[in-house]
Structure formats: C-alpha cells, structure tokens
Amino acid sequence: MSGARVEVVGLSAAHGRSRVLDDVRLDVGPGGWTAVIGPNGSGKTTLLRAVLGAHPHGGQVRVDGVPTTAVPRRERARTLAYAPQRPVVPEGVSTAEYVGLGRTPHRALLAAPRPADRQVVADVMARLELTGLADRAVATLSGGEQQRAVLARALAQQPRVLLLDEPTSALDLGHAQQVLDLVDRLRRQDGLTVLSTLHDLTLAGQYADRLALLSGGRVVAEGTPAQVLTAEALAGHYGARAQVVTGPHGPAVLPLRAPGHDRG
Amino acid sequence: MTAAPAPRLLAAAPARPRRRTALVLSGAAVALVLSALAGVWVGALPLPPGAVLATLADRALSPLGVDVPGGLEGTGAAVLLQLRLPRVALAALVGAGLAVSGAAYQGVFRNPLADPYLLGAAAGAGLGATLVIAHVPATPLGPVGLVPLAAFAGALLGVGAALLLGTAAGGSHSATLLLAGVAVASFLAAAQTLVQQQNTDDLRAVYGWLLGQLGRAQWSDVVLVLPYLGAACLVLLLCGRALDVLAVGDDEARSLGVHPGRLRLLVVVAASLATASAVAVSGLIGFVGLVVPHVVRRLVGGSHARVLPVSLLAGGAFLVLADLVARVALAPAELPIGVVTAFVGAPFFAGLLWAGARRR
C-alpha cells in the first residue's frame, strides 16, 4: 500500500453564515507529511473535516487526481483514514474490537470479521505495541494508549492517506513525541501520506516535511518548516513574540516574554 | 480524549471473549424457554406439568403425524392453548421487542437513559388509545379493536413528528432529534391529559391501558404484531455491527464508510415500529426497554453485535416472568404488568448500580 497525492483546490467552507475557509489550496505529495498550523479558530479542524468529506464545502479534494466526491463512501474509507482531535471512546468495548472497527470498509456491513480481518488487526496491534492490551476495555486505557488505539484503528483501514486532527493534544511532551515518532515511522515504512493539524509549532517544525499556515481561513504561507516558521509570521498571524531557533531536524519555536518586565 | 457519554449508567463489562457471549446467549435462551414453561404451567387453574408438556408436544408434532398421549382435554386444554399460551407468546414478543428497541435507542443516541418511549411513541400511543376509549362508544376489545390500531397509529405519528421536526431543525444530529422527541412527547402527553380530564368516566379504562396489560391476549394479537415486530427486530439485529461503528462518533463512522444519518434513521424507524407494535397490543409497559439492555451490557460488554441478540432473549424472558408475577401475586386479581416490571425491575436495577459502584 503506497501513499497517494492529496490535492485541495479552491476549498471553501462555512459554519452557518460565517465563512471559515476561503479558497484553500494544498498539495501533499505521495508519502509526504504536511502539518496545518494556525492560530485558534483559523479553521484547521474544519479543513481536515472537509477533506474527509464530513463538512460541507465548495471546491475540490482530489486523491491521485480523482475527486473524492466521485468515489463511493466505502471506497473512500479504504483510502482516507481519520483520527479526530477528541475520539469518542465507546464503553465496554475491548481494544481489539475497537481496532477491528477499522476493517469496516473492507467487508460487507452486516458481515462478521473474517480471519483475514483478524490478521490485519493483530498485525497492526503488534506494530503499535497494543497486543498486551487487546482484551482491556479501550475506555480504561491511558491517554497515550488510547491515542495509539485510535491510530491502530485508522491503520487497520489500510489507508493510503492519514488525516490526523491534533494527534498530540491530549498528551504530555514525552507521549506526544512517541506518537509523532510512530506516525513518522509508519509513513516511511508504508509510504503513507499524512495530513495533520498540529498546534504545537515546534513539534510541527520537527516532524512534518511541509507546513501550511492557515490564518483567517486562508493559507497565508506554505513551504518547508524553515520557510514558514519565521518570527515575522508568528508575530503577524499569532500575535506572538517568539524566537525561531534552528535545530538539527528543523526549526524550534521559543516563546519570549514581552520586554520591560524585570523579575527583580 | 473524551470517553463517550455512551451507555454507561452501569459500568459495562470489559472485553469478554466470544465464548462468554455464546454462554450468555444460550443462558438467555434457556431462561426464555423455562420462563415460558412456567408461564403456561402456573395459574388459577392448576395444570399438571406432565400433561402440559404432553399437550405441547402433541400440538407441535401433530403436523408430522405423531400422536403424543397423555395430553390435557376439555377445559384444561382450552386454558392452556387459548389463554396461557397466547399470553406467554405475546409477553415474550413484547418483551423482546421493547428490550431490543431500548438497546438500539440507547446506542443510536449514545445515551444510557434512552428507552423505546423516548421519541414520542408512548405519548402518541397514549393519546391515540385515550381518544378511542373516550370517544368511540362500546369499543370492541377484540384483536382488531380500535384501541390497538389507534395506539399503533399514535405511536408512529408521534415518532414521525419527532423525526420531521428534528430533521428540519438540525439534520440528523442525535441531540436535535432527542430534543424534538421531548417537544413532541410533551405536547402529545398534554393533549392526552386534556382528553382524559374531559372524559373522567373513562379514567379507569385509560389508566388500565396506560399501565400495560396482557390479560386479554389472544392468538389474533400475536398474529397481528408478529410481522411488524419480527421484521423490525430482524433489521435491528442486523444493524448491530453498524451501531458499533456509530458508537465512535459521527465523523469517525463516516470515515469508516458508514452514513451516520441514514443509519440513525433506519434504526429509529425500525425500533419505533417494534415499539408501536408492542404498545398496540400491551399498552405502556415501562422499564423493560431501559433496564434489560443495561443488565445485558454488564454481562457481555458494550458491543451492539452482542447486546442486541442477548437483549432480545432476555427481554422476552423478563416480561414472561413479570406477567407471571402479575397473575399470581394478588390472585385472583391481576396486577398491571407495568407496575410489576417497575416493582421488580427498579430494586434489581438499583442493586446492580450499587454493586457496580462498589466494584469500581
């Protein structure tokens, strides 16, 4: 399974009457990782949901040149997998069953899981070190374990594109890095294309190979992390005072306090 | 990461192997058979258990040309075949339908307090039945009497109005649908109270209906509801796996290839059809649809693919037993079965909650 090119062309979306996205344009190459960054309310989540087809939108989303609206729902589900910012974790469902839901688009909706489905689920769980938790209720897992379970469910779809909405928002720094390392490893091994939102700019700069800065519903900057993460951009679009430091794997953002305050 | 506000009134059993589900499923089936046997055996007229079994075997095997001797004759046979058997069959059908509908409603709305009467089915049926009892003189109480038909129509109209209102107001979101159901149910309940207050002579009959009754059950009732109830339950059982997908949220269900709005509509329509059929022949029997699925979840975990079939059997068994209690507790008088389900069910439910809280 190899990654697909994801193109977003002239995408617009609204919440009620207020326009949230306006003529958004993105191009994520096969096996690439683009992180959408931007201040709160800039439309990051709406953009991801629109790409998924879960939010009404104008414009087009194309996967390998084919508009997603031209593809039946179940076939689309075999191409695009999605992990939301706040996954709903069902009660009384084991981790193995939860991950198994990812097989839904691969068999008839009424059919029971086949041995092939169980094999995919077992493989994915082994890769994500969830095997020991297979019989635990997914609702009782820790935040980091649940995030891995959500990723496992998405991977069980055997997709070509992963849409990840803030995959680290519920995690502390160590677990956030673990999850992002995992995503990076998976995309390199499987050639998956990743389109994610990330509010942590340093993590975005370290992991993604391209960034798209969304502000006021428009992509105001797009390029490599070094091109997008500049002190000027952070001041202009976030109203933030920060210094951008160049690390070995990309830029890191160091927030600065306003001058004129002595700690005395 | 948010845990679902999904059915969790009782701590659901954690993951269970499939073997346990098979065990619980067969246990529920055995319970249904045993309670049905108890239901036909116990009653005002004592019937010898051996003769009861012989009669049942004889009837079951007669199409094959097999004759089982030692069966009941005369009054005994009539009581068994024309009074107790249809009553037990109807109780099992109604209980199964209400329990499956309740489990489906709870799943589709991700709300542990959902029950089959939530979207206006009960209020609509109540209004329909009250109107007929109050305004149609000398209503025949037979199988094709007007009360069941009016209750059936009222239930479907209530749910239909809630669906229309909810869809017009906010698409297929579960919260909008729930609120629309509350609005419709309150309106219909108010209308029912108004009609009832203006016809106080019929109060007794109305209350008797509202509290649920299986006392006049006949084979024709069973035949009347079986097609609707059977078809609706079949659809709901087939939706189990899809409901498991819906349990992870609308966006994620969509990303897994399931259309949440269409699935919700299908499940609500099927569950409402089952509920309307049950209500038409038995009145409003509370508690079954709320409690049975929760108890079942404790045993087999939260997956609808398991909860729905077990609820079907357990609901049937529970209502057959409740009806048995209704018949014998104050014999020769009969308790309204809705009173029994609440009286027996509520303390049992409270005990389960308590045990669940202690275990946590």
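Ground rules, briefly. Residues are numbered from 1 along each chain as its sequence is written, while chains are lettered from A and ligands numbered from 1 in the order in which they are written. Because the model is predicted, local features need pLDDT of at least 70 and side-chain atom pairs count only at pLDDT 80 or more, whereas totals for chains, interfaces and linings use all residues; side-chain values use heavy atoms, with hydrogens and water left out.

Let's start with the sheet. In chain A, six strands make an open sheet. The order is β6-β8-β9-β3-β10-β11, with mixed pairing. A word on names: helices (H or I, at least four residues) and strands (E, at least two) are DSSP runs, numbered from the N terminus. Two strands pair if DSSP finds at least two bridges between them. Which strands stand at the edges? They are β6 (80–83) and β11 (218–223) of chain A. Each has a single partner strand, so one side of each has no neighbour in the sheet. On average, neighbouring strands here are turned by 15 degrees against each other, direction ignored. For angles, axes are lines fitted to C-alpha atoms, for helices over the stretch in contact, and values run from 0 to 180 degrees between N-to-C directions.

Strand β10 (residues 210–215) of chain A runs antiparallel to β11(A), and five bridges join them. Leu214(A) has Val219(A) as its bridge partner. For Ser215(A), the partner is Arg218(A).

Ser215(A) belongs to β10 of chain A. Buried or exposed? Ser215(A) is buried, at 17% relative accessible area. The cut-offs: buried means under 20% relative accessible area, exposed over 50%, partly exposed in between (1.4 Å probe, protein chains only). Leaving out residues up to four places away in sequence, Ser215(A) touches Pro39(A), Ser42(A), Val220(A) and His237(A). Contact means heavy atoms within 4.5 Å.

Next, the helices on this sheet. Helix α1 (residues 44–52) of chain A lies across β3 (33–37), β6, β8 (161–165), β9 (193–197) and β10. Its direction is at about 150 degrees to β8(A). Helix α6 (residues 173–190) of chain A also packs on the sheet and touches β3, β8 and β9. The angle between α6(A) and β3(A) is about 145 degrees.

Why call α1(A) largely enclosed? Because eight of its nine residues are buried. Among them are Leu47(A), Leu48(A) and Val51(A), but also Lys44(A) and Arg49(A). After α1(A) comes Gly53(A), with a positive phi near 95 degrees.

Speaking of phi, here is a rule. Most residues other than glycine have a negative phi. Two residues go the other way. Asp64(A) has a phi near 50 degrees. Asp64(A) sits in the loop between β4 (57–63) and β5 (66–67) of chain A, and is partly exposed at 38%. Glu129(A) has a phi near 55 degrees. Its loop runs between α4 (115–127) and α5 (143–156) of chain A. At 60% relative accessibility, Glu129(A) is exposed.

Last stop: where chain A meets chain B. The contact takes 40 residues from chain A and 33 residues from chain B. The buried area is about 3,000 Å², and carbon and sulfur atoms give 60% of it. Buried area here is the accessible area (1.4 Å probe) that two parts lose on being put together, summed over both.

A salt bridge is a side-chain nitrogen of Lys or Arg within 4 Å of a carboxyl oxygen of Asp or Glu. One salt bridge joins Arg306(B) and Glu97(A), at 2.4 Å from N to O. On the chain A side, the elements giving two or more residues include α1, β6 and α3 (95–100). The largest share, four residues, comes from α5(A).
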